[in-house]
Amino acid sequence: MSTPNMTVSPRAGIVDPLDSVLLANGAPPRSNPVTATFALAERALLKMKNSAVEVLFDIMLMPIIFLLVFQYLFGGAFAGSTDDYLQYFLPGVLVVGAVTQTASTGIAVNSDIVKGIFDRFRSMPFWQPAVLVGTMVADLGRYLFALVFTAGLGMLLGYRPEAGAIGLIFAILLLLVFSFSFAWIFTVIGVLAKKTETLLTCSMLLMVLAFLSNVFVDSATMPRWMQFIVDINPVSHAATAARGLMKGDVTAGQLLLVLLSSAVLLVIFFPLTMYFYNKRRRG
């Protein structure tokens, strides 16, 4: 009978990490939802780091175009003064700047599905929703950078929040909550789409929502039928609450409306995302 070959480590007394895993009794402990989510979030952050130039360009392009072009091209016509218009316009640009980044979340999810990466994940013993939730958590950094960059550019152009830094910080936090909830719309599309190009087409809907809101002008100046559409738009709710927080005259109703809109988006689109993801994963 032959005796199996055994390799003796030349480093006497030192336990090799791989040997300790292979010789351990029993399987390693199963990851819990929290650790799985943060592990997948770390992976998403590494992907963003490897394409940092493209990510930064994508985040910075829209605020630069909106603030420079719309303010100086239309500000005088809309408000009589570009400085006065900036005071009204910037909080709305914060909303649009963060919300437009939610399309990138759906694109990232769809890209992993199309490339077959999620097929490998589904064979691993961890909490499967972490694949999606981890991407969402990581993209909070993307939304935060978009908000901070837009606010900083606006202040360079002359915007001054009447409520000071506290009002600006609370506005950014509120918009982070809203953007996180809004992103589940594109996550659903990312799970369902057969091609990444579909996400790029659907992202044009964000511009429709932006223009059908009170981001650019007060809805009171619009025809009544248009005013109704604008006033029920969640983007309008977020822009109104952000203005109130940064000006210092926000009402509880305005805040509750944004939080309610965020909760409705989450309640509808989070279960839909998980349903279609599990259906596609099983298929």
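Analyst: Here is a walk through the spaces, from the pockets to the cavity. This is a predicted model, where local features need pLDDT of at least 70, side-chain atom pairs count only at pLDDT 80 or more, and totals for chains, interfaces and linings use all residues. Residues are numbered from 1 along each chain as its sequence is written, and side-chain values use heavy atoms, with hydrogens and water left out.

Rolling a probe the size of a water molecule over the atoms shows where empty space is left. On a 1 Å grid over the protein atoms alone, a cavity is a set of points where a 1.4 Å probe fits but cannot get out, while a pocket is an open set with protein on both sides within 12 Å along at least five of seven lines; a lining residue has an atom within 4 Å of a point. Grid points are joined across faces, edges and corners, and a volume is the space filled by probe spheres set on the points.

Let's start with the largest pocket, which holds about 730 Å³ of space. Its lining has 29 residues, and Asp 58, Ala 103, Ser 104, Ile 107 and Arg 142 lie nearest its centre. Two or more lining residues come from each of α2 (33–50), α3, α5 (102–114), α7 (130–156) and α10; such helices are DSSP runs (H or I, at least four residues), numbered from the N terminus. Helix α5 gives the largest share, seven residues. By class, this lining has 14 nonpolar, seven polar and eight charged residues. Here Ala, Val, Leu, Ile, Met, Phe, Trp, Tyr, Cys and Pro count as nonpolar, Asp, Glu, Lys and Arg as charged, and the others, Gly among them, as polar.

Next comes the second largest pocket, with about 230 Å³ of space. Of its 14 lining residues, Gln 87, Arg 243, Gly 244, Lys 247 and Asp 249 are the closest to the centre. Both α4 and α12 (234–247) supply at least two residues of this lining, and α12 gives the most, with five. The classes here are five nonpolar, four polar and five charged.

Finally, the structure holds one cavity of 30 Å³ or more, and the largest cavity has about 30 Å³ of space. Val 96, Val 99, Thr 100, Leu 206, Ala 210 and Val 235 line it. Helix α4 (82–100) and helix α10 (204–211) each supply at least two of the lining residues, with α4 giving the most, three. Five of the cavity's lining residues are nonpolar, one is polar and none is charged.
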